Amino acid sequence: VHFPDTERAEWLNKTVKQMWPFICQFIEKLFRETIEPAVRGANNHLSTFSFTKIDIGHQPLRINGVKVYTENVDKRQIILDLQISFVGNCEIDLEIKRYFCRAGVKSIQIHGTMRVILEPLIGDMPLIGALSLFFLRKPLLEINWTGLTNLLDVPGLNGLSDTIILDIISNYLVLPNRITVPLVSEVQIAHLRFPIPKGVLRIHFIEAQDLEGKDTYLKGIVKGKSDPYGIIRVGNQIFQSKVIKENLNPKWNEVYEALVYEHPGQELEIELFDEDPDKDDFLGSLMIDLIEVEKERLLDEWFTLDEVSKGKLHLKLEWLTLMPTAENLDKVLTSIRADKDQANDGLSSALLILYLDSARNLPSGKKINSNPNPLVLLSVGHKAQESKIRYKTNEPVWEENFTFFVHNPKRQDLEVEVRDEQHQCSLGNFKLPLSQLLESQDLTMHQRFHLNNSGPNSTINMKIALRVLSLEKRARSPDHQHSAQVKRPSLSKDARKSSFKPQIPISPPPDSNKSVPASPVTDGDKKTDTAEKSQPPNASPQWPTDLSRSSSSLHASNFSYSPSHLSVKEPTPSIASDISLPIATQELRQRLRQLENGTTLGQSPLGQIQLTIRHTMSHLFSKCFSLFFTGHRNLIAFSEEGSDPYVRMYLLPDKRRSGRRKTHVSKKTLNPVFDQIFDFSVSLPEVQRRTLDVAVKNSGGFLSKDKGLLGKLLIPLASEELAKGWTQWYDLTEDGTRPHGAS
């Protein structure tokens, strides 16, 4: 097969073959001096880990084709795409002496497209300032292990499998992870360590029509429907929609936001599946070139699905430009309705980009004269991320990048806390109102920030930039027509599924950036969401736009999962989460207006909830935050028979599945009594930095339309009275942002 824009480069393969022994020396050095110490420090059980033999083999890596980009690129850089293949009979042996464990690798195969960026181009030799390497999408990786079962029996590794290990390795090779090699000592490569995305892609995953029916009954005699869901991927950012039960014309009405770092050659990839108890069936795929989306800025179209006989998908795609000025911020806030609401989650108006460099003069922690194991917790609103751990140092260097989607920078803060991982204590913190960035030149700050509640000279060095997300609509003639360029898959269905479908994470990654509310959508999906009954007992029933079963998508450390072999699937939180104003609260307000109907509602139109809140120290839990739900009064009715209320709660910013608590459902009542106690194992200083998120929902029946939000409550827990505790009635509101005690 000949691709006209891809050239063969046999001279390059001959060069690599000549250099291969020296490349192998570099790889061995990398394993022994970088990977081995990192593995030893990652876990006490791995402190005796070592490589006993490293032989990469004599077969060199092969470059099958080279593509050079000449359009839509900066004139100060050169962009190359290398189609690489490596099939090596290598020998890598490792040992963990503490557990008498030996394992190894006999062969490695890797196939994919590696992007090489040469920048900045300079006027002196060697003409290139630095070299950056990464994969645009996850490469095909195969490793032939020896002794893997022995390795996975070691404490700390027993939650892994060979598939998960391969997926972790693959994701570390994919953008935004990159290897940057400076070639000139004088070159200013700060901007390489502080990559600004090219743009943000807002994906409205709306609906599908005429999908294939995959479910069958009576041993295939009767053809049924499907339980469709979608997997959306941009680079290593992966989102999964909710499942719509028994529907060939599903309406998801979900919204996701993804960072785009390299749009030449990068695509939006979508696959649809039918959820089944064993292996999920394939319903079609789609690939869209992001260059087309950037040109058009806004696309709202139906796309025909590939690799299936029928079916089409309705998407609305918005390309958001990152602006270094705040002149359009008010317009953006108005367009996403962030100028009036008080929520911390919603469609994003800005992107916060943060480079965490280092810290100095950190205190010793709990033990005097002992160096801590510092890590940094970063949070904006309900979204939190954490850095890697640096071991036994009070002068840690992280050199890590983080991004946060920001709903309203005028009233949100960046909270930074340095913690000692070994003793689980705080080493210092500070809070930066994002409004300060709006007043800074280029919306950027680069300085050492003094840490509060720390040593007298404790500081942390960071570069922080804010970029306003602007949708610049192109001027078009009245008769303009355009359809986005859809790329046809170059791989077989089985091959694409194996390389595309993500693997479940070992543990839920920190909430990256992806739980934000959606723009208003139609009411059609209210009739189709019947997924509640299929969830595990502790899962939260699903409001049409609530994807609370999520483990975060996507952050820079995104791991994904494969629908074909997962026991529990975890949808990504849509931008239409129930904590937001646009969907759940809009319908709740509409219901209130219908109830009012010319009359005046009372002071608490949504009713009240009684809580007992306290923090205790017991023999069972060294640190325990407890909630006692007594009951509700005067809830609104979803039907003539009343409501079927239950309560869902989180300790924000933690919205992981493991952090969720839920009461039983109380049937057909507006004054339910629960009398249930819920515990969170959190220390008192930690819980005082948290916010209690309580949502009262109506359960409804299996096929009922009457599922939704009855009211919300957000309680900041920064109170000195937590140790004593209190009991109080609270008013429920539409968005929970203005709770006050009723009695």
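Author: Helices (H or I, at least four residues) and strands (E, at least two) are DSSP runs, numbered from the N terminus. This is a predicted model: local features need pLDDT of at least 70, side-chain atom pairs count only at pLDDT 80 or more, and totals for chains, interfaces and linings use all residues. Residues are numbered from 1 along each chain as its sequence is written, and side-chain values use heavy atoms, leaving out hydrogens and water.

Reader: Is phenylalanine 678 buried or exposed?

Author: Phenylalanine 678 sits in strand S31, residues 673–680. Buried means under 20% relative accessible area, exposed over 50%, and partly exposed in between (1.4 Å probe, protein chains only). The relative accessible area of phenylalanine 678 is 9%, so this residue is buried.

Reader: How far apart in space are phenylalanine 678 and serine 626?

Author: In sequence, 52 residues separate the two. C-alpha to C-alpha, the distance between phenylalanine 678 and serine 626 is 5.7 Å.

Reader: Aspartate 675 is in strand S31 too. What is its phi?

Author: Aspartate 675 is partly exposed, with a relative accessible area of 47%. Its phi is positive, in a residue other than glycine. The value for aspartate 675 is near 50 degrees.

Reader: Where is asparagine 453?

Author: Its phi is also positive, near 55 degrees, and it is not a glycine. Its relative accessibility is 65%, so asparagine 453 counts as exposed. Asparagine 453 is found in the loop between strand S25 (444–450) and strand S26 (459–470).

Reader: Which residue does a cis peptide bond join to glutamate 119?

Author: The omega of this bond is about -5 degrees.

Reader: Which residues does asparagine 13 contact, leaving aside its neighbours within four places in sequence?

Author: Asparagine 13 lies in helix H1, residues 10–42. With 8% relative accessibility, asparagine 13 counts as buried. Contact means heavy atoms within 4.5 Å. Beyond those neighbours, asparagine 13 touches Leu61, Arg62 and Ile63.

Reader: How many disulfides does the structure hold?

Author: A disulfide is a pair of cysteine sulfur atoms within 2.5 Å. Take cysteine 24, buried at 14% relative accessibility. Its sulfur is 9.7 Å from the closest cysteine sulfur, in cysteine 90, and therefore too far for a bond. The number of disulfides in the structure is zero.

Reader: Which residue of S33 is the bridge partner of leucine 692?

Author: Two strands pair if DSSP finds at least two bridges between them. Strand S32 (residues 691–698) and S33 pair antiparallel, over eight bridges. Strand S33 (residues 708–716) is mostly covered, with eight of its nine residues buried. In S33, leucine 692 is partnered by isoleucine 715.
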